[in-house]
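Trainee: Could you show me how to read a protein model step by step?
Mentor: Gladly, let us look at one together.

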Amino acid sequence: MRKKFIINPGIAFFSFLISIAGHSQEMFASYLLKDSFDHKREDLKIEFGINKAIPDEIELECLTALSYYPELKNIKIIFQFGSPVSTMVSRPKLKSIFRSGNKRVYQVIIRKPGISKNGLEWSELSFNSLVGWIAHELGHIVHYSHKTSGGVLFTGIKYAFPGYRRRMERFTDNLVIQHDLGYALLDGTNYTINYSNATPHYKNYLVKYYLSPKEIKEAINEKSFYKIAYNKTKLIKQDQISN
């Protein structure tokens, strides 16, 4: 394999993935470049910015991720900077939790730079990686929107247990893949675990609860064989549905 020049490890990783994707069973989604979306920012705002509040710093990344979740078009989502324990968290606003799923107000809270030394600084992520991270949070919101108010509250209780937390986070990663942002998720996961400035504790947390880069690649290739079962927090094989 020729290596005559040095490039960013994340770009190198994705160049390899794209080169082999044509041999997989799933058509590949190319590495998302900021310039490819920036020129259509206004169109994205018109179509996918309805009922959304987004900070200017991450507007394009949020709109890009939202464009892969058409079911969230009319749902009110507030993206804001704050001080969550993790890099990002998503949840329904407390005052709206007893409304039906698509009438709730949801928040995606992104940690301000420098608040904690434990996690990942969103500002160190590439455009592609950040879209993947945001897409994961949008996956949570889609999942919440399929739950009753009681279901959302019960999910919060169950999340305290490591077994369910792992199941839910891995399911959410699969939602990102099912929404055709698997390669952005793969980029973000691979970068965070292998190249980022996050602490070993934070990286180990990702390894424990989320899909690994290898598992993401496998799930991308097998995407068409599964359907989403929101009520079961799992993917179901097509042949099992027919039976």
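This is a predicted model: local features need pLDDT of at least 70, side-chain atom pairs count only at pLDDT 80 or more; totals for chains, interfaces and linings use all residues.

Mentor: Residues are numbered from 1 along each chain as its sequence is written, and side-chain values use heavy atoms, leaving out hydrogens and water.

Trainee: How many helices and strands are in the chain?
Mentor: The chain has 11 helices and 6 strands. Both are DSSP runs numbered from the N terminus: helices are H or I with at least four residues, strands E with at least two.

Trainee: What share of the residues counts as buried?
Mentor: Buried means under 20% relative accessible area, exposed over 50%, and partly exposed in between (1.4 Å probe, protein chains only). Here 49% of the 243 residues count as buried.

Trainee: Is threonine 189 buried or exposed?
Mentor: Threonine 189 counts as buried because its relative accessibility is 11%. It sits in helix H8 (residues 182-194).

Trainee: Which residues does threonine 189 contact, leaving aside neighbours within four places in sequence?
Mentor: Contact means heavy atoms within 4.5 Å. Threonine 189 touches Leu211, Pro213 and Ile216 in that way.

Trainee: And is lysine 95 buried or exposed?
Mentor: Lysine 95 has 83% relative accessibility, so it counts as exposed. You will find lysine 95 in the loop between strand S3 (88-92) and strand S4 (105-111).
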